[in-house]
Amino acid sequence: MQSVRLDDENNALIILDQTLLPRRTEFLELKGLKEIWEAIYHLKVRGAPAIGIAAAYGVYLGTKWPGADSFEALAQNFQAAKDYLASSRPTAVNLFWALDKMEKRLQSEPHETVGHALKALRDEAEQIRQQDEEMCKSIGEHALALLEPGMGLLTHCNAGAIATAKYGTALAPVYLGQERGYGFKVFADETRPLLQGARLTAWELSEAGVDTTLICDNMASIVMKEGKIGAVLVGCDRVAANGDTANKIGTSGVAIMAKHYGIPFYVCAPTSTIDKSCETGDRIHIELRPDFEVTEKWYEEPMAPAGVVVYNPSFDVTENGLITAIITEQGICYPPYGDSLAKLDLG
C-alpha cells in the first residue's frame with residue numbers, strides 16, 4: 001500500500017489517513033499547503049520517511065500552486081512553502097532533510113525556465129520516494145541477517161510500510177522474513193497515548209498474515225522475562241552523532257528492559273535520520289503534544305479529572321549504551337557509534 005503519492009495531473013497530494021485506521025481505510029486528496037501542514041502535524045501522515053516524502057511532494061506543489069512568471073518568483077514561492085512545512089513537526093529530521101534536498105535541487109537550476117525548474121522539483125521528489133523504497137529493503141536485508149527463523153520480535157510504535165514508501169524500516173525484516181518463510185512471531189506494543197502499535201502495526205501485520213500479538217506497553221517486561229522475545233526492532237526519527245536516538249515515547253523504557261534481560265535492541269535508521277550536527281541526544285528537541293491525547297482522545301468521556309496537569313512528550317531519547325546496533329541501508333553500525341556512524345556516506 002502506497003501511503004503517500006503525487007497526483008500531479010490534479011495538483012494534489014494523496015495520503016492514507018492513518019488517524020482513521022484500523023476502523024476504515026481512507027485516502028485524502030490534499031490541494032492546499034495548509035491541508036498538507038495539518039496532515040503532517042495531526043499525524044494523518046506519519047513515520048519519519050513518509051513525512052519526508054510528503055514534505056518533498058508538498059513543497060513541490062506549494063511552489064507550483066501560486067504560479068510564477070519568473071525563476072525569482074518561483075524561488076520565492078518555494079521558500080515560503082519550505083518555511084511553512086518545516087514548522088509542522090520539529091523532531092523528525094527527515095522533514096528537514098527532504099526539504100533541504102529539494103532546495104539544493106532548485107538551486108542547481110538557477111538559469112532555467114519556470115517549467116524546467118518545476119520538473120526538476122517533481123523529479124527530485126519522485127527520487128526521494130524511490131530511494132526510500134530501496135533504502136527500506138536494504139535495511140530489511142541487513143536486519144534479517146541478525147535474526148533467526150521462528151524468533152519472537154518486539155516492536156514499538158509503527159515503523160512499517162505505511163510509515164515509508166514500502167516495507168518500512170523496523171518492520172522491513174519482518175516482511176522479508178514473511179516472504180521467505182522465517183515464521184517470526186511479532187509482539188506489538190500498543191504505544192500510548194496515540195496507539196500507533198495497536199491501530200497501525202497490529203493492523204498492517206495482520207493484513208499481511210504475520211503472526212502478531214498486541215500487548216499493552218506495560219506488558220513488555222513480562223514477555224521478555226518469559227523468554228518470548230529474541231530481539232527488539234524499533235524505528236527512529238533522529239540519530240545524534242554519538243548514536244543516541246529519538247523515537248516514539250516509550251522506546252527508551254523498552255531499551256532499558258531489553259538491556260536488563262540481555263535481549264538485543266536494534267534501531268533501524270535510514271541515513272537520512274542521522275544528524276551529524278546534533279552531538280548528543282540532549283540536543284534533540286522533543287515535541288510536546290496536546291493534553292487531550294492522553295485524557296480523552298480514545299474515550300467517549302474524559303478518563304481523567306478535569307483540569308489535571310498533563311505532560312505529553314511525543315518522543316524520548318534512547319542513550320547509545322542501550323543500543324546493540326543501528327541498522328542503516330548502508331550496513332550495520334556497532335559501538336562506538338561516534339566512529340561507525342562517521343564512516344557512513346550521508347551525501
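What follows is a short tour of the packing, the pockets and the cavities.

First, the ground rules. This is a predicted model, where local features need pLDDT of at least 70 and side-chain atom pairs count only at pLDDT 80 or more, while totals for chains, interfaces and linings use all residues. Residues are numbered from 1 along each chain as its sequence is written, and side-chain values use heavy atoms, with hydrogens and water left out.

Let's start with packing. Two packed helices are described by the angle between their axes and the distance between the axes. Here, the axes of α3 (residues 71-86) and α4 (residues 93-107) come within 10 Å and cross at roughly 175 degrees. Therefore α3 is roughly antiparallel to α4. On the terms: helices are DSSP runs of H or I with at least four residues, strands are runs of E with at least two, and both are numbered from the N terminus. Axes are lines fitted to C-alpha atoms, for helices over the stretch in contact, with angles from 0 to 180 degrees between N-to-C directions; roughly antiparallel is over 145 degrees. On the α3 side, the contact (heavy atoms within 4.5 Å) includes Phe71, Leu74 and Phe78, and α4 brings in residues including Leu95, Phe96 and Leu99. By class, the residues of this contact are eleven nonpolar, one polar and three charged. Nonpolar here covers Ala, Val, Leu, Ile, Met, Phe, Trp, Tyr, Cys and Pro; charged covers Asp, Glu, Lys and Arg; the others, Gly among them, are polar.

Now for a single residue. Is Thr201 buried or exposed? Thr201 sits in α7 (residues 196-207) and is buried, with a relative accessible area of 1%. Buried means under 20% and exposed over 50%, with partly exposed in between, using a 1.4 Å probe and protein chains only. Leaving aside neighbours within four places in sequence, Thr201 touches Thr155, Cys157, Asn158, Leu171, Ala188 and Gln196.

On to the open spaces. The grid has 1 Å spacing over the protein atoms alone: a cavity is a set of points where a 1.4 Å probe fits but cannot get out, a pocket is an open set with protein on both sides within 12 Å along at least five of seven lines, and lining residues have an atom within 4 Å of a point. The largest pocket has a volume of about 660 Å³, and among its 27 lining residues Trp97, Lys101, Thr271, Ser272 and Leu346 are closest to the centre. The lining divides into eleven nonpolar, eight polar and eight charged residues.

The second largest pocket holds about 290 Å³. Of its 15 lining residues, Met1, Ala161, Lys166, Tyr167 and Tyr175 lie nearest the centre. Its top contributor is α7, the helix of Thr201, with three residues.

The largest cavity has a volume of about 210 Å³, and Arg46, Gly47, Ala48, Asn158 and Asp237 are the closest to its centre of the 22 residues that line it. Asn158 is also among the contacts of Thr201. The second largest cavity has about 50 Å³ of space, and its lining has four nonpolar, four polar and four charged residues. Gln196, another contact of Thr201, is one of the residues lining this second largest cavity.

Definitions and conventions. Angles under 35 degrees count as roughly parallel, over 145 as roughly antiparallel, 65 to 115 as roughly perpendicular and the rest as oblique. Grid points are joined across faces, edges and corners, and a volume is the space filled by probe spheres set on the points.
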